[in-house]
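Visitor: Could you take me through the side-chain contacts of this model, beginning with the charged groups and then turning to the rings?

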Amino acid sequence: MNTLKLRKQLEHYFIEDIGERDLTTELIFGEHERGAITFLAKDRGVFCGREVITVGFLMLSNECHFEFFKQEGEWFNQGEVLLKVYGPISALLKGERVILNLVQRMCAVATKTKKAVDLLNSTHTRIVDTRKTTPGLRMLEKYAVRTGGGYNHRYGLYDAVMIKDNHISFAGSISKAVESVKSKIGHMVKIEVEIESIAQLNEAIAAGVDVIMFDNCTPREIEDWITYVPKGVITEASGGIGLEELHKYGQTGVDYISIGALTHSVAALDISVRMSVIEKEKRNESI
C-alpha cells in the first residue's frame, strides 16, 4: 500500500469519528495511563490489515507498540488472538473503532478472495477484482484482494481503456470506439472490449484490441469462442460469476475471471477487541 495515501485516508477517518476530541475518554483517563487492546477472532478467516493497524495507532501515539500472532494472508480460526496493541489508553480508545472497522472489512475481502482462488484451483487462470469497491476504501479493498491471493483489475477509469456496452452504443460500433481510442492514446495503455456475441468477438479481434472480456457468457460459449482469439490477446470472463461456478469457467482456458462480489457484497468478519489496563495514573486527591 501507499503509506502516504494510507495516512491521509486514516486522518480523514479519524477526523470523522473523533472530531475535535474524544470527550468520554478525556474525561475518564489521564495522558499517562497505559493499556492494551487484544484483537480476538470470532469467525474463521484470512488476516489482513497489519499496516492499517500499525500506521493508524502510531498516528494517535508514537508510544504504541504491537505484538502480532498472525501474519498477513494467514488463516485464523474462531477464538484465536490475532494481535495485541500496547500504549496510552487514550490513543487505544480513540483509534480502536475506526481501525477495527477497516480490519474487519479487509479480512472479509481477503477471506472471500482466498476461497475463490482455492475453489478455482488453477495454475493458469487468475482471479481479479473490479471497480465495484466501497467509495473511499478502494486502495484497502484492492490490497485485501491481493492479500487473499487474487489480482487487481484496473484501479479506476484513469489507468486502462475498457470499452463497455454503453460506450459501444454511443460510439456506434466496437470498430468506431476502438479507432477513436487508438487515434488518441499512447502505446503504453491497453485496450479492453466487452463482447457478448460471436459477431462482437470477431469485430473486436479485427479492431486489434489487447484484451477481450466475455461478458455474461456461459462457460460453453466461452469455450467455443475462445478458439477464435489470436495468440497474445488476453481473455477475461466476467458478469455475475459465483464461487460455485468458478471451476467451470476455469476450464474454458480464460486468462482472468473478474468477480465484483469480492468487494461489493462481503460482510465484515466478526472480530472483537478486549481492553486491559496496564498502568493507572496516580491522581492527586484531597485528604
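Guide: Arg21, Glu26 and Lys94 are linked in a network of salt bridges, a salt bridge being a side-chain nitrogen of Lys or Arg within 4 Å of a carboxyl oxygen of Asp or Glu. This is a predicted model, in which local features need pLDDT of at least 70 and side-chain atom pairs count only at pLDDT 80 or more, while totals for chains, interfaces and linings use all residues. Residues are numbered from 1 along each chain as its sequence is written, and side-chain values use heavy atoms, with hydrogens and water left out.

Visitor: How many salt bridges does this rule give?

Guide: Side chains of opposite charge can pair when their charged atoms come close. Under the cut-off already stated, the count comes to 10 salt bridges.

Visitor: How many residues apart are Lys70 and Glu80?

Guide: The side chains of Lys70 and Glu80 meet in a salt bridge, at 3.2 Å from N to O. Lys70 lies in the loop between β3 (65-68) and β4 (75-76), and Glu80 in the loop between β4 and β5 (81-88), where strands (E, at least two residues) and helices (H or I, at least four) are DSSP runs numbered from the N terminus. The pair thus links distant parts of the chain, 10 residues apart.

Visitor: What kind of aromatic pair do Phe66 and Phe68 form?

Guide: Rings of Phe, Tyr and Trp (its six-membered ring) pair if their centres lie within 6.5 Å, and planes under 30 degrees apart count as stacked, over 60 as edge-to-face and the rest as tilted. Phe47 and Phe68, 6.3 Å centre to centre with 55° between the planes, form a tilted pair. The centres of Phe66 and Phe68 are 6.2 Å apart and their planes lie at 25°, so this pair is stacked.

Visitor: Which ring does the charged end of Arg50 sit over?

Guide: A charge sits over a ring if NZ of Lys or CZ of Arg is within 6 Å of the ring centre and within 35 degrees of the ring normal. The charged end of Arg50 is 4.0 Å from the centre of the ring it sits over, that of Phe68.
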